[in-house]
Amino acid sequence: MTAHIAIYAGSFDPITTGHLDVVKRARGMFDKVILGIGLNPDKQTLLSCEKRVSLATTLVEELVNEDPGLAPVEVTSYEGLTVDFAKASGAAALI
């Protein structure tokens, strides 16, 4: 059986409660959710990539701990096109 993986891509600069609500809902629809923090060298960000990943990881861990029966969530950064990241991750959907 193939796992249904979803990619939720964005800059998440910073991650908000609205973003976390989307992750929470997606966890009930897919087998795995990957929160992809995109790196765009042409875009000035408020927070560094490392800080955005760290903050998102902490908040997502809290969310997952609230309801461990739903899909796991992976937080990672990526460069390049989102579609290429999704293909490399084996994703079936983009959120």
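**View 1. Val23 and its contacts.** Leaving aside neighbours within four places in sequence, Val23 is in contact with Tyr8, Leu35, Leu63 and Val73. Contact means heavy atoms within 4.5 Å. This is a predicted model: local features need pLDDT of at least 70, side-chain atom pairs count only at pLDDT 80 or more, and totals for chains, interfaces and linings use all residues. Residues are numbered from 1 along each chain as its sequence is written, and side-chain values use heavy atoms, with hydrogens and water left out.

**View 2. The nonpolar cores.** A nonpolar core is a set of buried Ala, Val, Leu, Ile, Met, Phe, Trp, Tyr and Cys residues joined through side-chain atoms within 4.5 Å. Buried means under 20% relative accessible area, exposed over 50%, and partly exposed in between (1.4 Å probe, protein chains only). The largest core has 18 residues. Those with the most contacts inside it are Phe12, Ile15, Val23, Leu35, Ile37, Ala56 and Val75. S1, H1, S2, H2 and S3 each supply at least two residues of this core. Its largest share, 5 residues, comes from H2. A second, separate core of 6 residues includes Ile7, Ile34, Tyr78 and Ala86. In soluble globular proteins, nonpolar side chains tend to be buried together.

**View 3. Helix H2, residues 49-66.** Helices (H or I, at least four residues) and strands (E, at least two) are DSSP runs, numbered from the N terminus. The expected span of a helix is 1.5 Å times one less than its number of residues. For the 18 residues of H2 that gives 26 Å, and the end C-alpha atoms are 26 Å apart, which agrees. Cys49, Arg52, Val53, Ala56, Val60 and Leu63 are buried in H2. Seen down the helix axis, the buried residues of H2 fall within an arc of 95 degrees, so they line one face. The arc is that of the directions from the helix axis to the C-beta atoms. Glu50 and Asn65, on the other side of H2, are exposed. The cover over the buried residues of H2 includes helix H1 (17-27), strand S2 (32-39) and strand S3 (73-79).

**View 4. Strand S2 between its partners.** Two strands pair if DSSP finds at least two bridges between them. S1 (residues 5-10) and S2 pair in the parallel sense over 6 bridges. Here Ala6 stands opposite Val33 in S2. The chain crosses from S1 through H1 to S2, and this β-α-β crossover is right-handed. Right-handed means that, with the strands pointing away from the viewer, the path from the first strand over the helix to the second runs clockwise. S2 and S3 also run parallel, joined by 7 bridges. Ile37 stands opposite Ser77 in S3. S2, H2 and S3 make a right-handed β-α-β unit. S2 is mostly covered, with 6 of its 8 residues buried.

View 5. The peptide bond from Asp13 to Pro14 is cis, with omega near 0 degrees. Phi of Phe12 is near 45 degrees, a positive value in a residue other than glycine. Phe12 counts as buried, at 4% relative accessibility.

**View 6. Phe30 in the loop between H1 and S2**. Phe30 counts as buried, at 19% relative accessibility. Leaving aside its neighbours within four places in sequence, Phe30 is in contact with His4, Ile5, Ala6, Ala71, Ala93 and Ile95. Phe30 and Leu70 are 40 residues apart in sequence and 8.7 Å apart in space, C-alpha to C-alpha.
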